[in-house]
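Here is my note on this model, for someone opening it for the first time. Have the structure on screen as you read, and take the points in order.

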Amino acid sequence: ELSTKKPSTRRDMKNATLQVLIPRWGNRSMDSIRTGEIQSFIAASIGQGPGKVSRKTALKWKNYLSSMFTAAIRLEAGVTHNPVRGVKLPAAGPEKTPVFITVRQAVEILSQLQDSRHRMAWQLAIWAGSRSGELRGLRWSSVNWAQDTVVISESVWENHSTLPKSKKGYRKVILTPHQMDLLRRYKEQNY
């Protein structure tokens with residue numbers, strides 16, 4: 001199961017298994033774990049304060065546990081059903097309003113960056129709305145100089161090249177002539 005996941009997901013699954021799931025269920029056989037106790041564990045984990053996690057983290061734990069049961073069933077490891085399928089998370093509270101930086105803050109951050117690589121990465125992130133892995137996946141071949149565009153088609157995370165996180169991650173970003181000029185000058189000065 002892990003081999004099909006992205007590197008960061010594999011790491012997160014391993015950490016959750018070692019630090020949360022195994023300590024909770026210990027050496028019990030998988031077929032002895034019931035839906036109700038998983039439900040209680042997940043529900044009791046959500047909240048604020050020491051030992052509590054966000055609903056999103058609890059959902060990840062639930063999904064990881066479900067993947068383990070599904071793999072055990074597929075591999076005929078003595079498990080005949082997936083008790084996680086019956087687990088329901090408590091209703092989500094009101095969504096938090098996303099926080100965005102202002103133009104002034106973006107300019108202030110840019111002014112503090114001394115290294116030209118960091119300055120260009122910050123500018124590309126602002127211009128393209130790119131995730132950090134997508135920035136690492138940019139190549140000069142991603143730039144279409146004639147059309148003033150940058151194509152996002154790769155993500156690099158923890159030294160592993162993967163596809164972008166979602167279908168919408170594949171995209172062509174149109175830059176202004178001024179932005180393309182800055183990118184061109186950066187390339188001439190650094191490559």
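**Notes on a predicted model**

1. Start with Asp 12 and Lys 60, whose side chains meet in a salt bridge, 3.8 Å from N to O. (A salt bridge here is a side-chain nitrogen of Lys or Arg within 4 Å of a carboxyl oxygen of Asp or Glu.) The pair links distant parts of the chain, 48 residues apart: Asp 12 sits in helix α1 (residues 7–25) and Lys 60 in helix α3 (residues 55–74). Helices (H or I, at least four residues) and strands (E, at least two) are DSSP runs, numbered from the N terminus. Asp 12 is partly exposed, at 26% relative accessible area, and Lys 60 is partly exposed too, at 35%. For these words, buried means under 20% relative accessible area, exposed over 50%, and partly exposed in between (1.4 Å probe, protein chains only).

2. A word on what you are looking at: this is a predicted model, where local features need pLDDT of at least 70 and side-chain atom pairs count only at pLDDT 80 or more, while totals for chains, interfaces and linings use all residues. Residues are numbered from 1 along each chain as its sequence is written, and side-chain values use heavy atoms, with hydrogens and water left out.

3. The axes of α1 and α3 come within 10 Å and cross at roughly 85°. (Axes are lines fitted to C-alpha atoms, for helices over the stretch in contact, and angles run from 0 to 180 degrees between N-to-C directions.) That makes α1 roughly perpendicular to α3; angles under 35 degrees count as roughly parallel, over 145 as roughly antiparallel, 65 to 115 as roughly perpendicular and the rest as oblique.

4. Who makes that contact (heavy atoms within 4.5 Å)? From α1 the residues include Asp 12, Met 13, Ala 16 and Trp 25, and from α3 they include Lys 60, Trp 61, Tyr 64 and Leu 65. The contact residues divide into nine nonpolar, three polar and two charged. In this count Ala, Val, Leu, Ile, Met, Phe, Trp, Tyr, Cys and Pro are nonpolar, Asp, Glu, Lys and Arg are charged, and the others, Gly among them, are polar.

5. Which residues have the most contacts inside the largest nonpolar core? They are Trp 25, Ile 38, Phe 41, Ile 42, Trp 61 and Leu 65, in a core of 20 residues. (A nonpolar core is a set of buried Ala, Val, Leu, Ile, Met, Phe, Trp, Tyr and Cys residues joined through side-chain atoms within 4.5 Å.) The elements giving two or more residues to this core are α1, α2 (35–45) and α3, and α3 gives the most, with six residues. Leaving aside neighbours within four places in sequence, Ile 42 touches Ala 58, Trp 61, Lys 62, Val 87 and Leu 89. Apart from this core lies another, of twelve residues, among them Leu 138, Leu 175, Leu 183 and Tyr 186.

6. Back to charges: the model has eight salt bridges by the rule above, and Arg 131, Glu 134 and Arg 171 are linked in a network of them. Arg 131 meets Glu 134 at 3.4 Å, N to O, and Glu 134 meets Arg 171 at 2.8 Å, N to O. Glu 134 lies in helix α6 (residues 132–136) and Arg 171 in strand β5 (residues 171–174), so the pair ties together parts that are 37 residues apart in sequence. Is Glu 134 buried or exposed? It is buried, at 1% relative accessible area, whereas Arg 131 is partly exposed, at 41%.

7. Ser 130 deserves a glance as well, in the loop between α5 (116–128) and α6. It is buried, at 13%, and beyond its neighbours within four places in sequence, its contacts are Leu 124, Ala 125, Leu 135, Ile 152 and Arg 171.

8. Glu 76, in the loop between α3 and α4 (103–112), has a positive phi of about 50° although it is not a glycine. Asn 159, in the loop between β3 (155–157) and β4 (160–162), has a positive phi near 65°, again in a residue other than glycine. Glu 76 is exposed, at 72%, and Asn 159 is exposed, at 77%.

Technical notes: Contact = heavy atoms within 4.5 Å.
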